[in-house]
Amino acid sequence: EPQDASGSVLFDPSRRADVNLVEGDGQIRLVFRLRLRQPGVTPRVEWRQAGWTTLSMEDVGLLGEWAVFQAVIHVQDPARPVVYRFCLSGPEGERFFGPAGLAPEPEAAGSFQLHPGTQASFPVVAWTRGRVFYQVFPDRFANGDPSNDPPGTTPWGGAVRPDTGSQYFGGDLAGLIDRLDYLQDLGVGGLYLNPIFSAGSSHGYDTVDYLRIDPRLGDLDTFRTLLDEAHRREMRVILDAVFNHTGTGFWAFQDVAERGAASRYKDWYHFHGFPVNVEVPNYEAWWNVPSLPKLRVSNPDVRAYLMGVARYWTRLGIDGWRLDVPNEIREPGFWEEFRLVVKGINPEAYIVGEIWHVEPEWLEGTCFDAVMNYPLGRDALVPFFRGKGGFGARELDRAVQRAVLAYPEQAVTMNFNVVGSHDTARVLTALGGGNLGVEPDPGAVRRLKALMSFLFALPGVPVIYYGDERGMLGEKGEDWDAQRAPMPWDEGAVRAGAEIFDHLRKLVRLRRQHPALVGPVVTRLALDDAQGLYACARGGGGEEVVAVTTREARRVHVVLAGLTGRFRDLVRDESLHAGGQGLNVELDGPETRLIVKES
Ligand code: ARE
Ligand code: CA
């Protein structure tokens, strides 16, 4: 990344997280972020479209070891370039930062130029605002049609074997349709479905036919009904796009398996030789799993085929895509093209990439709208609330700031905030709740409620993995299959289930009603490692909400200085008044309080 030779300034004009053009409310804002690693330095931005203007930059937090400073300018005339540079004043006096680096004179530093018209437009998909997603693993959610159950289907509630692929529980789209009222009651506004196209296994990641619903799940009519019924309930539906690899049952692979080198599809994969051998694979496969042969996406025919798949389902009326292992498709321009194809049909489609680490290059407005935000949910909130491994309030604070500052604000608001998924430990098990078959530990239930309240107070789209709302636990073991048990539908299967459900239902509604919970800015108010306590302010839509959380299993309290007036706790539904010292907040930990300013 471009930085000053002294290693104290970091700014990359080609990175959207550093220079972000935000359109909305009839105006265009340019958000500059400069990263500094030198205490006592105050930066300003100097810019001009007409005459030079100087603007101070605000310290907005830490990104790793870098302090991030931000300034926002309003662009009057998008047709004219914006010329800018930074001015740093510190112990060494005034220095200027531009394309030539740091210099004592502005002329020597030079100026950056941005043509507002040339940066890709990156609008927030409006319907994601205030929504909560729900992830469904179709074979394990609900069985609405026993007639399509594959032979050997395990009875609902039976044990999950450690090779998910070959084990079926009979869940299907009809079952999901039956349960839409249940999901509506919970309040979710979006469904993410694990693969539903015809495949060779119950998880569906080994696609056999991209243009057909897997018969064990239903057919095109069932899927159309699902879409209609979901849309009627104000729920959007996104599907899993598995484009890196197919199953060995896919027709192109089958053709090569039959004809070998004579097949016209021999260049659809990466074969090392012929005939095809699936026992000892002589082709590239996802993580060397023989059942997942890797497609050769650099082949224009393959590429065109996959774009056709995207087109087909997007035209059919789905609301977006979750992309499987998109980082493993490295062909330049592939995801850019995918975005154009999908958004060309439905500009409001929501595109979520399965990226596990903080990698802002995917969220520049040219590829995805969001990523599966494991770094925030699973890698920060879970260890914080679990209270182990030296992950304290300070680490939580760092992770929250990173989630906000690593990405442009559009992506921050749309990010897909998972605390667990079909690929990770169940959140309640990770919090010490125990393994499937027992009543979850009550302390872990409290930690889960506190965690969820806090998640729902952060920017991004909160995601509930099916069953988490009923206190579902994972099977023993950290492997992927352990988190895919069939949904326990009978009331009372988990006694704490009702309490968790009610809590989440309340949170889902709060997020819809309070725009302050949705905006991209998080301002830290308090951090106390000894009390495992963290507080931040959230604001937007003319509203201010304070989130205060502790993971400690005891009473703790904090005085939030500078707050005056009357407040209301949205979770407990009680009033609070600020005194002369500020707002005194008591917590019955582990707990998260969400407090809105009333006057
Ligand atoms: C099956 C068995 C497993 C067995 C595996 C290998 O179920 O028990 O270990 O085979 O033999 C799908 C199914 C899996 C199935 C797999 C292969 O869901 O059940 O496993 O196909 O048949 C990495 C990838 C990430 C990937 C995860 C799982 O980067 O993209 O691993 N996630 C997607 C899907 C999966 C899916 C596939 C990919 C394949 O969501 O469900 O698997 O299409 C770190 C790393 C991550 C890594 C993560 C987890 O944090 O940074 O890169 O993710 O750990 O390992
Ligand atoms: Ca069925």
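Me: Hi! How many bridges join strand β24 to strand β29, and which way do the two run?
Reply: Hello! This is a predicted model, and in it 6 bridges connect β24, residues 543-550, with β29, residues 591-597. The two strands run antiparallel.

Me: Nice. Which residue in β29 is the bridge partner of V546?
Reply: That would be I595.

Me: Switching to the ligand. Which residues come nearest to ligand 1?
Reply: Out of 18 residues around ligand 1, the nearest are V325, E354, H357, D423 and D481.

Me: What is the make-up of that shell by class?
Reply: There are 8 nonpolar, 4 polar and 6 charged residues around ligand 1.

Me: What about H357: how far is an N or O atom in its side chain from an oxygen atom of ligand 1?
Reply: That distance is 2.6 Å. Two further side chains are worth a look: a polar atom of H245 lies 2.8 Å from a ligand 1 oxygen, and an N or O atom of the D324 side chain is 2.8 Å from an oxygen of ligand 1.

Me: How much of ligand 1's accessible area does the protein cover?
Reply: On its own ligand 1 has 940 Å² of accessible area, and the protein covers 76% of that.

Me: Now the backbone. Is the peptide bond from F274 to P275 cis or trans?
Reply: It is cis, with omega near -5°. P275 sits in the loop between α6 (251-259) and α7 (300-316). G589 and P590 are also joined by a cis peptide bond, with omega about -10°. P590 is in the loop between β28 (583-588) and β29.

Me: And D25, is its phi positive or negative?
Reply: Positive, near 50°, and D25 is not a glycine. The residue lies in the loop between β2 (19-24) and β3 (27-36).

Me: Why point these out?
Reply: Because most residues other than glycine have a negative phi, and most peptide bonds are trans.

Note on methods:
Residues numbered from 1 in each chain as written. Chains lettered and ligands numbered in written order. Predicted model: local features only at pLDDT ≥ 70, side-chain atom pairs only at ≥ 80, totals over all residues. Heavy atoms only, no water. Pairing = 2+ DSSP bridges. Helix = DSSP H or I, 4+ residues; strand = E, 2+ residues; numbered from the N terminus. Near = heavy atom within 4 Å. Polar contact = N/O pair within 3.5 Å; in protein donor to acceptor, adjacent residues only side chain to side chain. Areas by Shrake-Rupley, 256 points an atom, 1.4 Å probe, with all protein chains shown as cover. Nonpolar A, V, L, I, M, F, W, Y, C, P; charged D, E, K, R; others polar.
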